[in-house]
Each structure stands twice: as structure tokens, then as C-alpha cells.
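Colleague: Can you walk me through this one? I'd like to start with the inside and then look at some surface.

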Amino acid sequence: LKEIVIPQKVSKIGKFAFQSCTSLKNIKILSSSLLMFSKSIFDGCYSLTKIFIPSSIKEIGEFSFNRGTSLSQIIFEIPSFVETISISAFLGCSHLKEISIPSSLIEIGEFSFNGCSLLEKVSFNKPSNLIRIGKNAFNGCVSLHQIEIPSSVVQISDSTFEGCLKLKKVEFEKPSSINSI
């Protein structure tokens, strides 16, 4: 399986639907009623290099793109209505170099970008609605140099930046709402 075209009327794709489709390179989503990427939907799709996330998506489920070792580009359609990037959604996406987080996002789940070893830049579109960054969210992002935390963030959980060997600066946008690090 090298390509998937999700038809217009699809509103749900089940858990593990395309897990370990190691030759999958291209996903085209025509549906405007698909609300979430289910658990492990594209887990282990090693050949996938980019994903376009349509504005209908509100949640990127647990392990959705886990072990997507060739994934280098995540593009959110504008406007984006994604509110949650769940646990380990992009864990081990070792070719991802940058990500622009949509302003609609409320939570970055635990281990979301853990092990994204080439991730250098994380930017947050403004005004950000992000409230929580889960534990180990950026753990092992050894190429991350700096990050500016949006003023909307209230909580940064344990070990969020553990193993970020090149991280020199964590800046908090003013006025900061942070009350737990």
C-alpha cells in the first residue's frame, strides 16, 4: 500500500486502520467530516514523509503517527480546529525538523514529540489557546535550540524538555499564566 485517498463522506477511521503500512507514502484526505485521527491509525508507517491535517480534525489520537521515522512535514489547514495532540502522537518522528502549532490547540499530550531528534523549531501561532504541555512532550528532541511558551500555558509537566541537549533558551510570553513547571 503506497497511497490512501480518504473519500469525501468518511466521518470515522477506526483504530489501527493503517498501522504498519510500511510502504505508505501519501495520504490524501478529501473528507470534510473526519473529526479525529484514531489511536495508532498510521503508527509504524515508516515511508510517510508528510501529512496534511484538514480543518475538520479536532483531535490527533494516541500514537497516530508514532514511529513515522520519515515524517518531515506536518501541515495544518488554515483555519485549524485541532484542540488536542494526544499521547505519543508523533513519538519517534525522527525526521521532523519543525512544527507550527495552530492557535486552536489546547493540549499537547504526554510524549507527543518525544524522540523527534531533528526537531529544531517549535512555533505557536497567535493568539494561542494552549493550556497544558504534557510530561515528556519534547523529551529527546536533541536538536531543539529554543522555545517560546505562549502566555496561555498554565502547566508544563514533568520531564517536558529532558534530553533536549541543545536547548539554550525557554522563554515565557508575557503576561505569563504559568503556575506549574
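Colleague: Phe90 first: buried or exposed?

Modeller: Phe90 is buried, at 0% relative accessible area. Buried means under 20% relative accessible area, exposed over 50%, and partly exposed in between, with a 1.4 Å probe and protein chains only. This is a predicted model, so local features need pLDDT of at least 70 and side-chain atom pairs count only at pLDDT 80 or more, while totals for chains, interfaces and linings use all residues. Residues are numbered from 1 along each chain as its sequence is written, and side-chain values use heavy atoms, with hydrogens and water left out.

Colleague: What does Phe90 form with Phe65?

Modeller: An aromatic pair that is stacked, 5.3 Å centre to centre with 5° between the planes. Rings of Phe, Tyr and Trp (its six-membered ring) pair if their centres lie within 6.5 Å; planes under 30 degrees apart count as stacked, over 60 as edge-to-face and the rest as tilted.

Colleague: Where do the two lie?

Modeller: Phe65 is in the loop between strand S5 (59-60) and S6, and Phe90 in the loop between strand S7 (84-85) and S8, so the pair ties together parts 25 residues apart in sequence. Strands (E, at least two residues) and helices (H or I, at least four) are DSSP runs, numbered from the N terminus. Phe65 is also buried, at 1% relative accessibility.

Colleague: How many aromatic pairs are there by this rule?

Modeller: The count comes to 8. Another is Phe18 with Phe42: the centres are 5.6 Å apart and the planes at 10°, so that pair is stacked. Phe18 and Phe42 are both buried.

Colleague: Which residues form the aromatic cluster?

Modeller: Phe18, Phe37, Phe42, Phe65, Phe90, Phe113, Phe138 and Phe161 form one cluster.

Colleague: Switching topic. Where is Ser31?

Modeller: Ser31 sits in the loop between strand S2 (26-29) and strand S3 (36-37). Ser31 is buried, with a relative accessible area of 3%.

Colleague: And what does the side chain of Ser31 reach?

Modeller: The backbone oxygen of Gln8, at 3.3 Å. A polar atom of the Ser31 side chain also lies 3.1 Å from the backbone nitrogen of Ser33.

Colleague: Last one, strand S10. Which residues are on the covered face?

Modeller: In S10 (residues 121-124), Val122 and Phe124 make up the covered face, and Lys121 and Ser123 the uncovered one. Strand S8 (residues 98-101) runs parallel to S10, joined by 4 bridges; strands pair if DSSP finds at least two bridges between them. Val122 is the bridge partner of Ile99.

Notes
A polar contact is a pair of N or O atoms within 3.5 Å; within protein, one must be able to donate a hydrogen and the other to accept it, and residues adjacent in sequence count only if both atoms are side-chain atoms.
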